[in-house]
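Hi there,

Here is the structure I promised to send over. Have a look at it first, and then read on for what turned up.

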Amino acid sequence: MFWPDFLVFFSTAVASWFLLRALIPILRLRLLDHPNDRSCHSQPTPRGGGVTFLLFASFASVLTLLFSPSVESQLLTLYCAPLLALPLALVGFIDDRQNLPATWRYVVQLVTSLVVILLSPLVASSFIFPPLLALLVIAVTAVINFTNFMDGLDGLLAGCMFVIITSAAIQLSAPIPIWASVGSLLGFLVLNWSPAKVFMGDVGSTFLGAVFCVLVLHADTWFEALSLLLVATPLLGDAFLCVLRRLLDGQRIFQAHRLHLFQRLHQAGWPHARVSSLYIVATTLLALALLFAGLPWVIHLAALELFIGFWLDQQVAVPFALASRH
């Protein structure tokens, strides 16, 4: 990270914290999340705090595009990453206020995913035939949705995505708009840590998922893209395996539930901070492997963490079958 990047990171972190402190009373009036039988929180908490990611990152993106003397064509997608995620975040914000039909949300996800893929330098330099393009669209929408699914405990998603996006930004020498995203995320995390004073909502989780996909598809090679993706194994692995188990169990996968491993660990008596810290530490180890060791180490460590997750699922968490009955 160069000094301009650090200054942007630090200033947006501080500004995000101050702005969010000012917004919390407004969000409490307009976007209050009341606990229900599917919630992991017990107190009404405002959501929609992820709007700070949107504001600061998009502002940084517009400023750098307008006033940078020259923007390398290869980095243009990274400069525009917050703007590419903007439609998805706006739909998420509307959905936070009033529940939108799932079809509407998924159409916007499909369009956003297609744009992100077509603007990817990695995809542009590869031979992509229609079936593979369709597979990529499904993969990107899956990552966006899985990111959204994992926003269920204080500090979990914000902490993990802070590590994931930071490591990707370092690996790719990302420009200022990405560091603005990371900084605003850190400012949010301080207020989202247990006991959370604010939740990010769909406006934040879908935005982060889309920005992460832009970073992954900006890798120099598909092997590097795989490395970046595997850093998110604790998040994406939990979400994917939960969806798979629910499909095999004949459940409706888009219906609200408390069956993720992180939710069942919480049901087993683990406090928010312990579960979130476990996921953040696991993600940090993968990020360090990415930055200092490379793909083979990332793969082996990801496999080990999945094995540990399986052990926790079987020995510590409330059993999946039992949790399914509630």
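To start: is Phe53 buried or exposed? Keep in mind that this is a predicted model. Phe53 is buried, because its relative accessible area is 0%, and buried here means under 20%. Phe188 is buried as well, also with a relative accessible area of 0%.

Those residues belong together. The structure holds eight aromatic pairs, and one of them is formed by Phe53 and Phe188, in an edge-to-face arrangement with 5.3 Å centre to centre and 85° between the planes. This pair links distant parts of the chain: Phe53 sits in helix H2 (residues 51-67) and Phe188 in helix H10 (residues 176-192), 135 residues apart. Elsewhere, Phe6, Phe9, Phe10, Phe162 and Trp179 make up one aromatic cluster.

Next, helix H15. Spanning residues 272-292, H15 has 21 residues and reaches 30 Å from first C-alpha to last, close to the 30 Å expected. Its buried residues include His272, Val275, Ser276, Tyr279, Ile280, Thr283, Leu286 and Leu290. An α-helix has 3.6 residues a turn, so residues three or four places apart point the same way. The buried residues of H15 pack against helices H9 (156-172), H12 (222-230), H13 (233-248), H14 (261-267) and H16 (295-315). Just after H15, Gly294 takes a positive phi of about 105°.

One last thing to look up in the viewer: Arg274 lies over the face of Trp270, at 5.3 Å from the ring centre.

Best wishes

How values were computed
Residues numbered from 1 in each chain as written. Predicted model: local features only at pLDDT ≥ 70, side-chain atom pairs only at ≥ 80, totals over all residues. Heavy atoms only, no water. Helix = DSSP H or I, 4+ residues; strand = E, 2+ residues; numbered from the N terminus. Expected span 1.5 Å × (residues − 1). Buried < 20%, exposed > 50% of the residue type's maximum accessible area, 1.4 Å probe, protein only. Contact = heavy atoms within 4.5 Å. Phe/Tyr/Trp six-rings, centres within 6.5 Å; stacked < 30°, edge-to-face > 60°. Lys NZ or Arg CZ within 6 Å of the ring centre and 35° of its normal.
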